[in-house]
Amino acid sequence: MTRALTTLLSLAAADALGAATEFKSPERIRAEYGETFTDYQPGSVFGFAPGEATDDSQMVAATLLGYGRREGLNGVRTALREWLAAGPPDVGILTRSALGAGTLDGGVRAWQASAYNSAGNGGLMRIAAVWIAGFRGAELARESAGVTALTHADPRCVYASVFLTAWLEALDGGQAYGAAAESALKLTDDFDARAALLDAGIFGVDTREAHTAFRDRERGARAEVRARVRAGLGGHLTSQSGYVLDTLEAAVRHAGADTWMGCVQPAVLLGDDSDTVACVVGAIAGARGLAVPPGLLPALRLGHSWPGWERRWPCTEHLPGVVTGAQRP
Ligand SMILES: [Mg+2]
């Protein structure tokens, strides 16, 4: 199996572990499941069965199916809309509103409608797809910015994603955890996401005000991403909330452990947006080459059917084709 495929299985397995504890407090999780959490469990608030991964992994797969259309960002947007139109059990508020617009600038418009306040983790949670699809270097950064802004155009969301995909690339290249993070931060600091979004047609004449808002906030956003990554590297964790920088910091904090379960289990046990934090941790652990415990793979499913995917399909059998289909010949 390629590192791209093992990373995809890793993030999905982590998400499926977190599905049972999403929105719960650590106290309730310990009362319900005990002190350890190493296998899929019932109890998902969205009704996911044990072994079913949530919207995070589903949107990673949908993004890969979108790349398989060979229509660039429009193909990704179309595939995400097909996923949404099939009525998934859980959809983020901004994601629903952005994809509902039906244009490339839907994410920008949704951000504008939030008075430039919305900065959820709905872009970060699915952005590993871009690295899994085979983008690398400057192209990876541009694609990461564009795919994030399809639903989450706040610069904190965009730069968090640019950082994460650059980090996955550096980790896959064999750099040590902290050194890889520092080189990804350097790349993030040097990257002009606003220009990338203009080139991609995500900012345009109709969204000039949002473009100005992005420009005014991007230096601060880069600084916040840097501060939160370094805090996470130092062992700090603010919260596992759905705020993109909380999710990023928590994932950085967890994903440096020696084993796959050592990375993922703390995210699952802390609850709140545990499936998303676990999913991001799973992506990082996968890029590091940490192996998913083999016992977690046979039962792994994505908890939704949409054009291109069936809920009953074993991930081990059907995700390989999704990865190959997304990668350019
Ligand atoms: Mg989820």
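**Close-up views of a predicted model**

**View 1. Helix α8, a mostly covered stretch.** Helix α8 (residues 137-149) runs for 13 residues and spans 19 Å from its first C-alpha to its last, close to the 18 Å expected at 1.5 Å a residue. Keep in mind that this is a predicted model, here and in every view below. How many of the 13 residues in α8 are buried? The count is 10, so α8 is mostly covered. Here's the buried set: Leu140, Ala141, Arg142, Glu143, Ser144, Ala145, Gly146, Val147, Thr148 and Ala149. Arg142 and Glu143 are on that list, and both count as charged.

**View 2. Tyr67 in helix α3.** Look for Tyr67 in helix α3, which covers residues 55-67. Is Tyr67 buried or exposed? Tyr67 is buried, because 27 other C-beta atoms sit within 10 Å and 20 or more is enough to qualify. Once neighbours within four places in sequence are set aside, the contacts of Tyr67 are Gly75, Val76, Ala133 and Ala326. Thr78 is 11 residues from Tyr67 along the chain, and their C-alpha atoms are 10.0 Å apart.

**View 3. Where α1 meets α3.** Two packed helices are described by the angle between their axes and the distance between the axes. For helix α1 (residues 3-18) and α3, the axes come within 8 Å and cross at roughly 155°. That makes α1 roughly antiparallel to α3, since angles over 145 degrees fall in that class. On the α1 side you'll find Leu8, Leu11, Ala12 and Asp15, which meet Asp56, Ser57 and Val60 in α3. Sorted by type, the residues of this contact come out as 4 nonpolar, 1 polar and 2 charged.

**View 4. The largest nonpolar core and Val264.** In soluble globular proteins, nonpolar side chains tend to be buried together. The largest nonpolar core in this model holds 116 residues, and Leu64, Val264 and Val281 touch the most other members. Helix α9 (residues 155-172) gives the most to this core, with 12 residues. Now zoom in on Val264: which residues does Val264 touch, not counting those up to four places away in sequence? They are Ala14, Leu17, Ala278, Val281, Gly282 and Ala285. Val281 turns up in that list of contacts and is also one of the core residues that touch the most other members.

**View 5. Helix α14 and its neighbours.** Helix α14 takes in residues 260-269 and is mostly covered, with 9 of its 10 residues buried. Those buried residues are Trp260, Met261, Cys263, Val264, Gln265, Pro266, Ala267, Val268 and Leu269. What do they pack against? Their partners are α1, α2 (26-33), α13 (244-254) and α15 (274-288). Just after α14 comes Gly271, with a positive phi of about 65°.

**View 6. Two loop residues with positive phi.** Most residues other than glycine have a negative phi. Phe23 isn't a glycine, yet its phi is positive, at about 70°. Phe23 belongs to the loop between α1 and α2. It counts as partly exposed because it has 14 C-beta neighbours inside 10 Å. Ala115, likewise not a glycine, has a positive phi of about 60°. You'll find Ala115 in the loop between α6 (106-113) and α7 (128-132). With 8 C-beta neighbours inside 10 Å, Ala115 counts as exposed, because the cut-off for that class is 12 or fewer.

Definitions and conventions: Residues are numbered from 1 along each chain as its sequence is written. This is a predicted model: local features need pLDDT of at least 70, side-chain atom pairs count only at pLDDT 80 or more; totals for chains, interfaces and linings use all residues. Helices (H or I, at least four residues) and strands (E, at least two) are DSSP runs, numbered from the N terminus. Two residues are in contact if their C-beta atoms, placed from the backbone, lie within 7 Å. Axes are lines fitted to C-alpha atoms, for helices over the stretch in contact, and angles run from 0 to 180 degrees between N-to-C directions. Angles under 35 degrees count as roughly parallel, over 145 as roughly antiparallel, 65 to 115 as roughly perpendicular and the rest as oblique. The expected span of a helix is 1.5 Å times one less than its number of residues. A nonpolar core is a set of buried Ala, Val, Leu, Ile, Met, Phe, Trp, Tyr and Cys residues joined through C-beta atoms within 7 Å.
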